[in-house]
Amino acid sequence: MTLEVKTFGLMSEAATALASDRAARFISGGTLVMRAINEGDTTIATLVRSTDASYRQIRAEGSRIDIGAGVRMVDILGNRDLTFLHPAARVVGGPAVRAMATVGGNLFAPSPYGDLAVALLALDATVSVQGGYGGAQQMPLEQFLAGRDRGQAGLVTMVSVARLANPEAFRFRKIARVKPKGISVLSIAAHLPLSGGRVTSPRVAYGAMAPAPIRARAVERALEGRNLDEAGIASALAVAAEGTSPATDALASAWYRREVLPIHLQRLLLGQTG
Amino acid sequence: MAKTPVQFRLNGSDKAVFVDGGDNLLNALRRGVGDTSAKFGCGQGACGVCTVLIDGEPRLACLTLAETCAGRSIETAMGLSDGPSLHPLQTAFMEHFAAQCGFCTPGMLMAAKALLDRNPAPTRADVVEAISGNICRCTGYEPIINAILDAASKGSTAGAEGQGRARV
């Protein structure tokens, strides 16, 4: 089927085009949209793209780092200000996928894909969404992901994260059956700032444990004020699977995902390898 | 719907092709300009058999919108050899029996070339990582890894440049 391709210089123009055509999809890296087209998705009649330079820029000024939604995984891996995101960007697909897949696209990757979004969720990222009319709206990534599968309107233009005071406080694990490139059985990201040796305001996020990446709020509550040792994390491990609703797919059953989650969460919290 | 003209450089030569809206680069190469070296495998970005280099970076041709390739430089496995003279990677693949059915070979070669172009002395781990997006169901990967390491040890990139082709 022949599609119409519309290219715009500004993201706002692209957003307007998207809003006015229900059969339009925004295309950037292509790893999601071209895949759908190759599979014969007849709901797509128009492809909208943008050459807006800001869409592909990383701006690390002040206390926040703004990442254009069109920034690719290889761009993250080549940026020193985003070193803390390298472990998550490095496990997205193989080298060719990483040279194509974008930050914005990762926010839409269906479970069990979307490893970078899990990391961004644990970093309390905010998302800029450009609607068809007016300016861009900022919202917490958690709110964006919660509404993602309901088809909320708008075009993601940027993701913003706070510059980490201590990059070592951020941890990420992807569990896959095939190494070095495998699809996630699950992934876990955690931001664990310490004050006097105790965890303060932790953020823990899961991938592949729900239809979209989710915060592990019960784990966060259980970790607050605790030490990161076996005794300190015991209560967090006991509630590790609370609020999760993993799928059964070709990689793992929902039961298996719940069973192994506390084990990998334990390894992440204790800084263990393997 | 009208076709769109797209011009790009393919293995050092200027090419022009008309594409339909939504056409991927793989179709443009295979049907448009007759370069059938990149294969169609999964169409989902999982197998790597359509790997080509765009401006030196490995990309999956089946997931690349053809229109976005205007003005870009594309390299495929078709451009590796210089007539009867094989690229050092091709020679190494032959000597190490790194191809059985051969379907994955064009993608493997381009993934390997992308690696050696930026890292002429890779470790084994580098090689494994470089071909991690390419699936081979025949060889068990070991002959492929050994071939790439062998080509690197013999100076793959330097050898290719020495042949005077606009391929790197």
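This is a predicted model: local features need pLDDT of at least 70, side-chain atom pairs count only at pLDDT 80 or more; totals for chains, interfaces and linings use all residues.

Helices and strands are DSSP runs, with at least four residues (H or I) for a helix and at least two (E) for a strand, numbered from the N terminus.

**Interface of chain A and chain B**

- The contact draws on 27 residues from chain A and 25 residues from chain B, and the area buried between the two chains is about 2100 Å², with carbon and sulfur atoms giving 60% of that area.
- Between chain A and chain B, 8 residue pairs are in polar contact, counting pairs with both residues at pLDDT 80 or more.
- The side of chain A that touches chain B receives at least two residues from each of β1 (4-8), α2 (33-38), β3 (46-50) and α5, and the residues on this side divide into 14 nonpolar, 6 polar and 7 charged.
- The rule for salt bridges finds 2 across the interface of chain A and chain B; one of them joins B:Glu129 to A:Arg98, where the closest N and O atoms are 2.4 Å apart.

**The cavity**

- With a threshold of 30 Å³ or more, the count comes to 1 cavity, and the largest cavity has a volume of about 80 Å³.
- Its lining consists of 14 residues, and those that lie nearest the centre of the cavity are A:Pro95, A:Ala96, B:Thr51, B:Gly133 and B:Asn134.
- Two elements, α5 (95-98) of chain A and β4 (57-60) of chain B, each supply at least two residues of the lining of the largest cavity, and α5(A) gives the most, with 3 residues.
- By residue class, the lining of the largest cavity divides into 7 nonpolar, 6 polar and 1 charged.
- Helix α5 of chain A therefore belongs to two of these descriptions, since by the DSSP definition of elements α5 supplies residues to the lining of the largest cavity and also to the side of chain A that touches chain B.

**Backbone geometry in loops of chain A**

- A:Ser111 and A:Pro112 are joined by a cis peptide bond with omega of about 10°, and A:Pro112 is found in the loop between α6 (103-106) and α7 (115-122) of chain A.
- A cis peptide bond also joins A:Lys179 and A:Pro180, with omega of about 5°, and A:Pro180 lies in the loop between β9 (170-176) and β10 (184-191) of chain A.
- A:Asp124 has a positive phi of about 55° although it is not a glycine, and A:Asp124 is found in the loop between α7 and β6 (126-130) of chain A.

Key:
Residues are numbered from 1 along each chain as its sequence is written. Chains are lettered from A and ligands numbered from 1 in the order in which they are written. Side-chain values use heavy atoms; hydrogens and water are left out. On a 1 Å grid over the protein atoms alone, a cavity is a set of points where a 1.4 Å probe fits but cannot get out, and a pocket is an open set with protein on both sides within 12 Å along at least five of seven lines; lining residues have an atom within 4 Å of a point. Grid points are joined across faces, edges and corners, and a volume is the space filled by probe spheres set on the points. Ala, Val, Leu, Ile, Met, Phe, Trp, Tyr, Cys and Pro count as nonpolar, Asp, Glu, Lys and Arg as charged, and the others, Gly among them, as polar. Contact means heavy atoms within 4.5 Å. Buried area is the accessible area (1.4 Å probe) that two parts lose on being put together, summed over both. A salt bridge is a side-chain nitrogen of Lys or Arg within 4 Å of a carboxyl oxygen of Asp or Glu. A polar contact is a pair of N or O atoms within 3.5 Å; within protein, one must be able to donate a hydrogen and the other to accept it, and residues adjacent in sequence count only if both atoms are side-chain atoms.
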